[in-house]
2 protein chains.
Amino acid sequence: MGAKYTKRSEDYSKWYNELIERADLAEHSDVRGCMVIKPYGYAIWERMKEVLDQKFKATGHDNAYFPLFIPKSYLSKEAEHVEGFAKECAVVTHYRLKNNEEGEVVVDPEAKLEEELIVRPTSETIIWKSFKNWIQSYRDLPLKINQWANVVRWEMRTRLFLRTAEFLWQEGHTAHTTKEEAVEASEEMLAIYADFAENYMSMPVVKGIKTASERFAGAEETYCIEALMQDGKALQAGTSHFLGQNFAKAFDVKFADQNGDRSYVWASSWGVSTRLVGGLIMTHSDDQGLVLPPRLAPIQVAIVPIYKNEEQREAIAKKVEVLSKVLRNKGISVKFDDDDNKRPGWKFAEYEAKGVPVRVAIGPRDLENNNAEVARRDTREKDIVSWDGLELYIENLLTEIQENLLSRAHKFREENTTSVDTFDEFKQVIAGKGGFVSAHWDGTEATEQKIKEETKATIRCIPKDIKGESGTCVYSGEASAGRVLFAKAY
Amino acid sequence: MGAKYTKRSEDYSKWYNELIERADLAEHSDVRGCMVIKPYGYAIWERMKEVLDQKFKATGHDNAYFPLFIPKSYLSKEAEHVEGFAKECAVVTHYRLKNNEEGEVVVDPEAKLEEELIVRPTSETIIWKSFKNWIQSYRDLPLKINQWANVVRWEMRTRLFLRTAEFLWQEGHTAHTTKEEAVEASEEMLAIYADFAENYMSMPVVKGIKTASERFAGAEETYCIEALMQDGKALQAGTSHFLGQNFAKAFDVKFADQNGDRSYVWASSWGVSTRLVGGLIMTHSDDQGLVLPPRLAPIQVAIVPIYKNEEQREAIAKKVEVLSKVLRNKGISVKFDDDDNKRPGWKFAEYEAKGVPVRVAIGPRDLENNNAEVARRDTREKDIVSWDGLELYIENLLTEIQENLLSRAHKFREENTTSVDTFDEFKQVIAGKGGFVSAHWDGTEATEQKIKEETKATIRCIPKDIKGESGTCVYSGEASAGRVLFAKAY
């Protein structure tokens with residue numbers, strides 16, 4: 001661990017990349033834009049999946065699985081959808097390789113597909129093709145389906161976790177008898193995402209609505225949660241779409257009501273992805289490495305023994321065994337690291353780099369005094385704690401860390417949300433400290449576009465809990481019905 | 001449920017397809033060879049995943065995730081591997097679509113990839129490319145990685161669950177310092193697969209070794225578990241490969257030992273897939289539908305109330321609530337089906353079709369007598385059971401069903417395993433009742449091939465627990481070191 005790392009304050013982007021390597025989360029593959037998620041990074045994603053999956057099931061959603069490939073013609077069925085997705089997708093054109101005369105492996109020209117297949121960038125089209133078979137009457141509704149899957153969008157500029165050509169995600173797809181119910185479903189999921197972000201990731205989010213230009217291709221309304229990263233840039237962390245009857249019409253999905261009258265169903269879709277891991281990193285981490293909220297940490301407590309002889313080692317191991325058992329029974333994950341090949345100092349740095357919330361060290365003097373040294377990752381404070389009641393101390397500390405991370409991130413966001421009333425102020429803040437800028441906007445796409453061109457800031461969302469405050473647009477001076485949130489974004 | 005279904009004895013293949021539709025497990029998609037796994041089918045796969053994942057983790061394996069796409073040149077690095085997989089794969093050649101002059105969506109010829117990408121048919125090559133970065137010294141070993149993923153093999157003849165172009169699976173990939181350890185790893189996983197098959201799926205399996213011609217492309221040895229389906233055909237249910245140093249050499253992966261000497265690492269890989277769901281269906285199910293072993297059943301107990309008025313309905317609901325709570329506390333999944341729109345008889349048939357292990361019915365007379373009617377799915381026997389102690393009765397019944405399914409399947413396999421000593425007998429059995437045929441074989445690929453051509457039976461495996469019984473080959477009359485198992489196979 002002797003290497004010099006870039007400080008977060010020096011170069012945020014470099015710090016981020018180094019941190020991912022240092023904490024052993026992921027790496028680039030040779031395949032353009034695709035990443036390898038390493039075991040420790042995958043363990044964090046697994047924890048996220050587990051929690052979200054429970055929440056989806058608790059709200060009546062069933063998991064299913066739909067094909068990876070989408071026939072090209074499906075994409076074209078919804079006019080806006082194809083515009084949004086056709087440009088950046090992987091296209092399968094052949095189904096066989098062969099050896100040529102030089103013995104090289106080449107694509108077999110004889111094995112050309114009649115219709116090209118698209119590797120799913122999102123699954124609305126293939127899923128609505130199935131929904132057509134599944135939905136006949138109101139009795140089949142609501143239909144609430146989720147799938148955990150990989151998707152591919154041919155991004156030109158990629159970044160580990162934040163934007164990769166292939167990424168892992170969940171996508172929910174629901175169908176309803178009424179517009180109200182479909183809107184409610186999209187909003188319910190937004191609330192679940194926000195709850196997950198705040199209470200598991202300790203990442204405060206603004207719930208809001210996207211402007212028309214930032215809307216999902218094929219949606220009537222896109223709801224989103226937006227988080228603020230430590231460098232003052234915003235991150236869209238999850239979206240939930242009210243799809244109206246667009247896909248129902250595109251795939252001719254109608255239901256018969258109690259009277260036998262048939263109408264198009266109403267729909268929602270929603271997703272979060274491995275991008276959340278990037279958001280997690282950029283919300284809490286520091287110059288020592290990753291900082292993880294306890295509820296998502298694969299290892300919550302690392303215990304490092306310090307000893308000079310076998311007798312001490314055994315005495316420590318015995319005490320730790322009892323402690324570990326008690327902690328595990330409380331559902332706390334513990335790693336006792338008695339690897340002889342690594343020195344305690346090396347281990348301390350390693351667990352800091354990996355963001356383990358609580359580190360316990362126990363040495364000969366602690367043995368004598370019936371103590372342990374407990375270090376918390378969020379503040380890097382250490383305490384000498386009596387072994388009696390240590391498990392309760394740790395349990396409480398984990399809760400405290402979880403809460404502290406959220407309140408710290410919340411405070412950061414408050415300090416980095418600026419209300420401005422002139423475009424000069426606007427430009428100054430965006431070019432300077434960054435963060436969210438709350439400003440009046442005249443509601444036109446033209447103004448939105450011009451502000452983007454001049455400042456690189458986009459409208460992250462029209463916040464849901466906005467006060468109905470009228471004013472004048474910072475850019476055009478035209479009337480505005482309320483403030484919206486601008487920021488530069490990932 | 002008024003439809004007439006094909007009997008298992010009439011047309012096994014048709015019965016299988018109808019059963020999948022009837023139990024609502026999966027359906028064909030429009031994409032050639034790709035299936036949609038419906039919620040109930042996916043729930044079974046999720047149970048399988050959960051159990052296997054625990055077993056992998058308990059034996060020290062970590063999950064990770066590697067890219068979906070493999071550069072064409074990687075496949076060619078291991079000579080036998082490319083032979084085995086290049087022929088049947090989906091090839092990505094372009095990364096963009098565009099609108100042509102007629103406004104149609106077409107592949108953009110400008111967006112042609114320099115090197116084609118293969119949709120992974122299995123991930124040895126891309127994973128060994130990463131292992132090259134991960135392995136430097138003996139301290140990095142053993143490396144024990146698993147991934148849950150989708151893979152694609154362009155199969156010409158597909159069948160739901162058993163053989164689909166895209167399927168879901170897990171693939172384990174391990175690296176070791178010694179040959180012995182790598183062999184041990186392959187064998188350990190074979191034992192885990194066999195344990196899972198027998199103790200969770202109630203599906204008895206023969207553990208064995210594949211002949212050279214049936215070996216995984218790139219392996220030194222392929223271990224397998226082979227099960228016998230109700231129609232007398234064998235199913236390869238899982239494989240585990242000792243890869244020798246083949247992939248280490250292909251990707252130049254060496255480790256430095258304690259003395260700093262560098263050698264190629266030794267490897268294993270292993271996998272099971274959604275094919276197991278097909279095996280599960282074809283091991284236990286009957287003319288009434290699916291039969292599920294309790295340990296993998298998404299719903300273990302279905303409770304159906306029978307009532308004539310609101311008062312009865314409430315009294316039943318109250319009793320059931322208490323029972324359900326007790327059962328759920330024991331980890332038993334319960335569904336109380338009080339849907340007013342469906343009649344009890346319809347529900348009975350529905351839960352039979354879905355293979356729910358235990359069905360409890362309670363009506364007015366049962367209320368009076370403090371009884372319930374308990375039906376078990378495996379034997380379709382019914383019993384009147386006192387409400388007092390019902391939870392214990394159900395708990396025991398679930399264990400009994402689990403065991404009964406295994407012993408029934410075991411008995412079936414014994415009855416359908418025939419030892420033959422002449423080729424006439426061989427042909428007669430294979431053309432007749434089918435099943436496993438235990439016969440002497442001279443060990444040559446030529447004989448194996450001829451037997452296959454004449455009878456369509458292949459060597460399923462050289463069983464691991466075979467007695468060292470010498471004899472003469474049923475086909476060639478040459479010397480044989482022991483019997484092997486032949487069968488027609490899926």
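Trainee: What share of the 490 residues of chain A count as buried?

Mentor: A residue is buried if 20 or more other C-beta atoms, placed from the backbone, lie within 10 Å of its own, exposed if 12 or fewer, and partly exposed in between. You are looking at a predicted model, where local features need pLDDT of at least 70, side-chain atom pairs count only at pLDDT 80 or more, and totals for chains, interfaces and linings use all residues. Residues are numbered from 1 along each chain as its sequence is written, while chains are lettered from A and ligands numbered from 1 in the order in which they are written. Of the residues of chain A, the buried share is 47%.

Trainee: What radius of gyration does chain A have?

Mentor: This radius is taken over C-alpha atoms, and the globule rule is 2.2 Å times the number of residues to the power 0.38. With 490 residues, the rule gives a value near 23 Å for a compact globule, so chain A agrees with it at 26 Å.

Trainee: How many residues of chain A are in contact with chain B?

Mentor: Two residues are in contact if their C-beta atoms, placed from the backbone, lie within 7 Å. On the side of chain A that touches chain B, there are 30 nonpolar residues (Ala, Val, Leu, Ile, Met, Phe, Trp, Tyr, Cys and Pro), 12 charged ones (Asp, Glu, Lys and Arg) and 8 polar ones (the others, Gly among them). Chain B contributes 50 residues to the contact, and the number from chain A is 50.

Trainee: Which residue of β5(B) does His94(A) stand opposite?

Mentor: Strands here are DSSP runs of E, at least two residues, and helices are runs of H or I, at least four, numbered from the N terminus. Two strands pair if DSSP finds at least two bridges between them, and β5(A) and β5(B) pair in the antiparallel sense over 3 bridges. In this pairing, the residue opposite His94(A) is Val91(B).
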